[in-house]
2 protein chains.
Amino acid sequence: MKWKNEGPIISSLLDTDFYKFTMGQLIFRSYPDVEVEFGLINRSGAPLAKFIREEELRAELDQVRELRFNNSELHYLRGTNEYGDRMFGEDYLQFLKNLQLPPYRLERAGDSYHLSFTGPAATYWEIPALAVVNELYFRSQIDSQSRFDQDVTYAAGISRLQGKIGRLREYPEITFSDFGTRRRFSGAWHDYLVGVLAEELPNQFRGTSNVRLAMEHGLLPMGTSAHELPMVVAALAFAKADETQDSEEILAGAQQEVLQGWWDLYGPGLSIALTDTFGSPFFFRTAPEYVARDWKGTRQDSGSPFSYGEETIGWYTKYGVDPLSKLTVFSDQLDVRRMVDLHLAFRERLGHTFGLGTNLTNDVGFKPISIVIKALKANGRSTVKLSDNLAKAMGESKEVARYKRAVGYINTESDECVS
Amino acid sequence: MKWKNEGPIISSLLDTDFYKFTMGQLIFRSYPDVEVEFGLINRSGAPLAKFIREEELRAELDQVRELRFNNSELHYLRGTNEYGDRMFGEDYLQFLKNLQLPPYRLERAGDSYHLSFTGPAATYWEIPALAVVNELYFRSQIDSQSRFDQDVTYAAGISRLQGKIGRLREYPEITFSDFGTRRRFSGAWHDYLVGVLAEELPNQFRGTSNVRLAMEHGLLPMGTSAHELPMVVAALAFAKADETQDSEEILAGAQQEVLQGWWDLYGPGLSIALTDTFGSPFFFRTAPEYVARDWKGTRQDSGSPFSYGEETIGWYTKYGVDPLSKLTVFSDQLDVRRMVDLHLAFRERLGHTFGLGTNLTNDVGFKPISIVIKALKANGRSTVKLSDNLAKAMGESKEVARYKRAVGYINTESDECVS
């Protein structure tokens with residue numbers, strides 16, 4: 001049992017979420033020259049700079065920039081056929097072979113840090129940078145403990161993991177995946193618990209979004225897609241639209257462009273739609289009928305999952321589709337109790353599975369921090385995410401207001417404005 | 001954190017209780033030719049042979065017979081001065097240098113084993129043989145668990161240890177030592193927890209009876225003395241007595257011979273008297289006055305520790321000795337709750353400390369087994385131990401009856417007869 005990596009935090013470019021490559025290939029093919037700026041957003045306001053020294057943060061980030069994909073890693077991606085044979089083209093694999101992560105900008109700002117990345121390949125920074133910040137933060141927490149209290153922490157982690165496993169065993173129909181790379185306590189702990197889940201819940205644990213761990217443990221690399229695609233494509237669409245065009249049409253068109261691009265590239269294999277970028281009501285109102293009919297399902301990532309389930313059932317029913325034949329991936333703020341509640345609420349009405357994140361990979365006793373790295377700008381224009389929780393809306397306030405008008409949201413002052 | 005030794009269970013002849021050497025020197029000087037037979041007694045009747053394969057038991061015992069004291073180990077013993085300078089003479093150290101443990105007799109008997117040792121050096125088998133049997137037994141328990149359940153077991157061990165430490169911190173006047181080598185879950189776990197206690201409770205954890213761990217962790221090697229001395233000396237006394245002698249006098253004489261021999265060899269440094277070999281009432285009635293006045297204290301090892309404390313206070317008071325100036329070492333069936341209860345009962349009336357065994361070194365979730373290795377015969381004659389708990393009395397029934405008459409116990413059928 002190894003609790004702590006002695007070496008660098010990130011030692012492989014596959015130590016990231018699978019969707020970075022599925023989205024990455026779409027970006028590579030369709031939007032190769034868009035300059036996207038990604039930035040760290042510290043939602044919980046934890047005083048990161050009090051716990052993470054700037055030089056150690058730089059050392060870990062510099063180390064990530066030294067990494068390249070090796071042949072085995074590229075072979076693994078090439079051989080991935082669970083979602084369609086040869087899903088990654090040779091052109092994209094060649095791009096990955098030459099990929100070096102772009103430079104980062106890091107600046108201490110009081111007790112926190114400004115951290116951002118720009119360029120067509122900035123997207124590849126999201127997961128490793130989050131994992132680095134989280135691991136350094138929790139390392140500082142645990143390093144302040146006595147040797148024995150460190151063991152107690154890991155013992156608590158094991159006991160809590162055992163509690164989850166025991167509870168999930170009571171509901172053998174519940175399936176779930178690990179979506180927790182970005183928020184993990186540490187890479188070693190992540191590696192450990194994925195191995196445990198594979199052994200202890202072989203019929204319920206479907207796989208992990210972490211490609212390196214999927215490869216290492218012989219599991220299915222799992223993933224859907226993220227907000228960055230519709231956010232960036234919508235910002236580009238607004239940038240080239242003229243003032244006479246209807247903003248709802250622009251937004252709906254951007255959303256459909258992303259859905260169509262994804263479908264063209266991956267077909268049914270990866271057809272789980274993320275619905276909440278501009279609010280799920282907008283999605284259900286404007287998404288083309290084939291998304292309800294032909295796609296495998298949708299992913300819920302904000303707002304009430306119970307209301308979401310009801311809306312999804314309504315959406316499928318409207319098109320005469322049996323909701324039980326479709327898959328809803330719940331992935332927001334889950335813990336096992338909520339998974340059980342959702343399972344009991346929908347087991348006879350809506351197909352579903354779960355993507356468990358923070359509560360899986362960072363539940364050893366410390367309070368997790370809430371940080372994200374999001375696409376903030378595309379070719380200089382602010383992106384916007386509304387989500388199903390207005391408190392989570394992000395973007396420049398003028399742009400947020402524009403998107404809200406477009407989707408019919410009433411304005412509110414609780415936006416998370418990032419510039 | 002190392003949970004499991006990969007190598008042999010016993011890798012040093014110092015991996016034993018300190019009192020084996022303090023008693024060993026007295027035996028070497030005063031009783032060098034007595035043939036003592038030690039045998040395994042399986043009090044809880046656990047079906048050991050169902051869990052421990054004979055060949056692995058033989059392999060571990062054979063391995064112990066390969067061990068010799070090395071120079072560093074002998075230097076450590078020579079340099080031990082906490083109980084008096086040069087407490088071990090060169091003659092005895094030379095004896096240890098040449099010591100090889102005598103052959104063992106092992107026989108499978110149904111679901112258990114008969115295991116015994118004979119010779120003047122059989123005493124040195126007690127602790128390593130018990131540690132071997134315990135570790136093999138618990139290894140078989142843990143090997144039947146899944147990889148994760150093994151981690152859960154160790155996590156439970158850590159949590160329970162943390163619970164003990166937290167509770168003991170609430171009573172900073174409580175001091176205690178590790179007396180748990182013979183009953184330990186494993187050598188690695190023992191090593192780990194002794195290190196933890198040294199770090200976490202530096203002012204309350206006084207040391208360990210395990211000489212190797214004391215040496216490794218820079219702790220005080222702790223120990224008093226065991227029943228084997230009065231048991232063997234009494235058996236020898238009865239053997240050479242004629243029928244006209246009063247048996248109480250013979251027994252009291254044997255007990256005084258042991259006390260005097262100990263005092264002559266170690267003086268006040270190691271003057272903790274074990275009182276219950278023939279029942280503590282007999283001891284308090286017959287022990288010479290200088291034991292109450294000059295010795296540091298006594299050890300309680302059976303019966304009710306609360307009654308024992310009261311009797312001890314009465315004994316000291318009879319001789320005008322302040323019980324608070326003396327030390328009672330409680331060492332029987334302790335857990336932290338009982339330690340706290342005893343501390344609260346006696347803190348203003350009787351000096352005390354604790355020797356914590358099984359509940360310290362074997363509390364990871366499995367039910368401990370109750371095995372002991374005891375001196376059964378001396379020069380062919382049955383030894384007897386009565387103790388303060390008649391259910392613990394051991395020896396041939398005729399001899400037990402003789403000793404009971406000698407000390408004034410009423411006979412009972414609940415003796416633990418071993419032959």
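How much area is buried between chain A and chain B? The figure is about 1700 Å², with carbon and sulfur atoms giving 59%; buried area is the accessible area (1.4 Å probe) that two parts lose on being put together, summed over both. This is a predicted model, in which local features need pLDDT of at least 70 and side-chain atom pairs count only at pLDDT 80 or more, while totals for chains, interfaces and linings use all residues. Residues are numbered from 1 along each chain as its sequence is written, and side-chain values use heavy atoms, with hydrogens and water left out.

**Interface**

- Arg147(A), Phe148(A) and Asp151(A) lose the most area on the chain A side, together 36% of what that side buries.
- Contact (heavy atoms within 4.5 Å) joins 18 residues of chain A to 18 residues of chain B.
- Two salt bridges cross the interface, a salt bridge being a side-chain nitrogen of Lys or Arg within 4 Å of a carboxyl oxygen of Asp or Glu.
- Arg147(A) forms a salt bridge with Glu199(B) at 3.2 Å, N to O.

**Sheet of chain B**

- Seven strands form an open, parallel sheet in the order S6-S5-S4-S10-S9-S8-S7; strands are DSSP runs (E, at least two residues), numbered from the N terminus, and two strands pair if DSSP finds at least two bridges between them.
- The edge strands, S6 (220-221) and S7 (272-274) of chain B, each pair on one side only.
- Strands S8 (residues 297-300) and S9 (residues 327-330) of chain B pair in the parallel sense over four bridges, and Gln300(B) stands opposite Phe330(B).

Terms used
Chains are lettered from A and ligands numbered from 1 in the order in which they are written.
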